[in-house]
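I opened this notebook to record what I looked up in one structure, entry by entry. I began with the strands and ended with the pocket.

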Amino acid sequence: DAQIISSEKFRVVDVNGFILPKNAMQIGLPVLATPLPFPADKAGIQWKNDQVISCSKILGYLAEILLPKDCLIEMKDGLVLVYSEKVPFKIIWGPLSDNESLAFQEIDQRKTILKTKYSSWIQTAMRDSLVIDFSVNIPK
């Protein structure tokens, strides 16, 4: 689930960008850093915003990893950035292969790399900087 902030209001979406009920838990979820118009749609409808859908899906890929508290997520220049302003943490998620089967392999590879590096980073008590850049050397 991703938390979306807009006009001083929050809405929570699932990993496919579907709006959850207003009483859905919001504490500890990543927040979309880009202000958006509040959705007119009700719970159960997919938010009609490509940024929300893309960010939600990427957070779904990262669901097995406990992200630092108060993480932000945003799209910038075709990349999705997941980062924290409180601890030295940033993931840069670049595009995946157009081939669906290859894309799933790439996601699995990225998750394996991320789990390994993230686990080591947690063991340093998050003192060192963790930047994982998946925007370079992307197989086509």
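I take two strands as paired if DSSP finds at least two bridges between them, and I take helices (H or I, at least four residues) and strands (E, at least two) as DSSP runs, numbered from the N terminus. The model is predicted, so I read local features only at pLDDT of at least 70 and side-chain atom pairs only at pLDDT 80 or more, while totals for chains, interfaces and linings use all residues. Residues are numbered from 1 along each chain as its sequence is written, and side-chain values use heavy atoms, with hydrogens and water left out.

Strand β6 covers residues 89-93 and runs antiparallel to β5, with five bridges joining the two. I noted two of the facing residues: Val80 stands opposite Trp93 of β6, and Leu81 has Ile92 in β6 as its bridge partner.

On which strand does the bridge partner of Glu74 lie? I found it in β5, where Leu81 takes that place. Strand β4 (residues 72-76) pairs with β5 in the antiparallel sense over five bridges, and the hairpin that these two strands make has two residues between them.

In what sense do β6 and β7 pair? I recorded a parallel pairing over four bridges, in which Ile91 has Ile132 of β7 as its bridge partner.

For burial I used relative accessible area with a 1.4 Å probe and protein chains only, where buried means under 20%, exposed over 50%, and partly exposed in between. Strand β5 (residues 79-84) is mostly covered, with five of its six residues buried. I wrote that β6 is largely enclosed by the rest of the structure, because four of its five residues are buried. Elsewhere, I checked Val12, which is in strand β2 (residues 9-13), and found that it counts as buried at 2% relative accessibility.

**Entry: backbone and loops**

Most residues other than glycine have a negative phi, so I looked up exceptions. Asp77 has a positive phi near 55° and lies in the loop between β4 and β5, where it is exposed at a relative accessible area of 74%. Met126 also takes a positive phi, near 60°; it belongs to the loop between α2 and β7 and counts as partly exposed at 30% relative accessibility.

Is Gly94 buried or exposed? I found Gly94 buried, with a relative accessible area of 3%, in the loop between β6 and α2. Its C-alpha atom is separated by 11 Å from that of Val82, which is twelve residues away along the chain.

**Entry: aromatic rings**

I counted rings of Phe, Tyr and Trp (its six-membered ring) as pairs if their centres lie within 6.5 Å, with planes under 30 degrees apart called stacked, over 60 edge-to-face and the rest tilted. The structure holds five aromatic pairs. The pair of Trp93 and Phe134 is edge-to-face, because the ring centres are 5.7 Å apart and the planes stand at 70°. This pair links distant parts of the chain, with Trp93 in strand β6 and Phe134 in the segment after β7 (130-133), 41 residues apart. Both Trp93 and Phe134 are buried, and ring pairs link Tyr61, Trp93 and Phe134 into a cluster.

**Entry: Gln51**

I took contact to mean heavy atoms within 4.5 Å. Gln51 is found in helix α1 and counts as buried at 15% relative accessibility. Leaving aside residues up to four places away in sequence, I found that Gln51 touches Leu32, Thr34, Leu36, Glu74 and Met75.

**Entry: the largest pocket**

On a 1 Å grid over the protein atoms alone, a pocket is an open set of points where a 1.4 Å probe fits, with protein on both sides within 12 Å along at least five of seven lines, and lining residues have an atom within 4 Å of a point. Which residues lie nearest the centre of the largest pocket? I listed Ile58, Tyr61, Trp93, Pro95 and Leu96, out of 16 lining residues. The elements that give two or more residues to this lining are α1 (50-61) and α2 (100-123).
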